[in-house]
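This report walks through selected residues and the ligand surroundings in the structure shown below. Please keep the sequence and the coordinates open while reading.

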Amino acid sequence: MEVIITRDYDKMSIKAAAIIAEQIKKNPDTVLGLATGSTPIGTYKELIRLHKENRLDLSKVTIFNLDEYLGLSSLHKESYNYFMWENLFKHININPENVYIPKGDVDDAEEFCNWYEEKIKKSGGIDLQLLGIGSDGHIAFNEPGSSLMSRTRVKTLDEQTIRDNSRFFRKEEEVPRFAITMGVGTILEAKKILLIANGEKKANACAQFIEGPVTSQITASALQLHQHVTVVLDEEAASKLKRIGYYNWVRDNKHLVQKYLGR
Ligand code: PGA
């Protein structure tokens, strides 16, 4: 796991967008896994800027989103489908036919989840998966206790998540109790993973998933089992890490080893 600590939210967002843009430039047909929530909004803003000012071309990119609330139609203002179109897709040259987001108002959720898994496989798999992290250590909606082998399925949200996400709804009671989410096992099959986190509220979860044991109680900790994970944090989210000095040394001296790596 490469841990990159940046000064603040803006720097975190710029770094994350640069990693995504580099992937798209290397492979214009990239299959991207994307996330919702407050954390990636700055990353999406920067990607929009790169598209508008630096001509970053996303016309061939395919998107798979991580999750969606069960019971909300794609037109609902708090649906993740709506979020993605408002915060990213409508501002870039994405082909709508290449956008896949779990459907919250589907009749048969189980059948839909199997179809979604198949669709990811048929696309050749996700090249780069962007993730946020919940204050309970979840990735996507894989709440504490989720199997680390889990696939796309319906998941019951944790009380902590419902409280955290109630800020987007008029009342806590309006927050859906269920979601369709890619599983931890689905996420681990992405070729590369980029997790971003900012703010003090994420500091415990970050310390636990980066430096704690692998456990289904902190589903992000499963990322320790993946070979290509980059974590970009702001200083507040990194504040409870014990090995900050090492991560910063690696970041500042990466160029010294680059010549031995043939890239
Ligand atoms: P947030 O959510 O970006 O709104 O903090 C992250 C998550 O729950 O994965």
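## Ligand site

A residue is near a molecule or strand if one of its heavy atoms lies within 4 Å of it. By that criterion, the residues around the ligand are G37, S38, T39, G132, I133, G134, H138, R167 and K202. The model is a predicted one, in which local features need pLDDT of at least 70 and side-chain atom pairs count only at pLDDT 80 or more, while totals for chains, interfaces and linings use all residues. Residues are numbered from 1 along each chain as its sequence is written, and side-chain values use heavy atoms, with hydrogens and water left out.

Polar contacts are pairs of N or O atoms within 3.5 Å; within protein, one atom must be able to donate a hydrogen and the other to accept it, and residues adjacent in sequence count only if both atoms are side-chain atoms. For S38, a polar backbone atom is 2.9 Å from an oxygen atom of the ligand. T39 places a polar side-chain atom 2.4 Å from a ligand oxygen, and a polar side-chain atom of H138 is found 2.7 Å from an oxygen atom of the ligand. Taken alone, the ligand exposes 280 Å², of which the protein buries 84%; accessible areas come from the Shrake-Rupley method with a 1.4 Å probe, and for residues only the protein chains shown count as cover.

The ligand takes up the space of the second largest pocket. On a 1 Å grid over the protein atoms alone, a pocket is an open set of points with protein on both sides within 12 Å along at least five of seven lines, whereas a cavity is a set where a 1.4 Å probe fits but cannot get out; lining residues have an atom within 4 Å of a point. A molecule sits in a cavity or pocket if more than half of its atoms lie within 2 Å of its grid points.

## Strand β10

Strand β10 covers residues 229–234 and includes V231; strands (E, at least two residues) and helices (H or I, at least four) are DSSP runs numbered from the N terminus. V231 is buried, because its relative accessible area is 0%, where buried means under 20%, exposed over 50% and partly exposed in between (1.4 Å probe, protein chains only). Contact means heavy atoms within 4.5 Å, and beyond its neighbours within four places in sequence V231 is in contact with M1, E2, V3, I4, L195, F209 and I210.

L233 and D8 are 225 residues apart along the chain, yet their C-alpha atoms are separated by 8.2 Å.

Q129 belongs to strand β6, residues 128–131, and is buried at 0% relative accessibility. The Q129 side chain reaches the backbone oxygen of G33 at 3.4 Å. Not counting residues up to four places away in sequence, Q129 touches several residues, among them G33, L34, L66, M182 and I187.

T181 is part of strand β8, residues 178–181, and is likewise buried, at 0% relative accessibility. A polar atom of the T181 side chain lies 3.0 Å from the backbone nitrogen of F141. Outside four places in sequence, the contacts of T181 include L66, D67, A140, F141 and N142.

I48 sits in helix α2, residues 41–54, and counts as buried at 12% relative accessibility. I48 touches N87, L88, H91 and I92, residues up to four places away in sequence not being counted. From I48 to A17, 31 residues away in sequence, the C-alpha to C-alpha distance is 9.4 Å.

Most residues other than glycine have a negative phi. R55, in the loop between α2 and β3 (62–65), has a positive phi near 60° and is exposed at 74% relative accessibility. A140, in the loop between β6 and β7 (153–156), has a positive phi near 50° but is buried at 9% relative accessibility.
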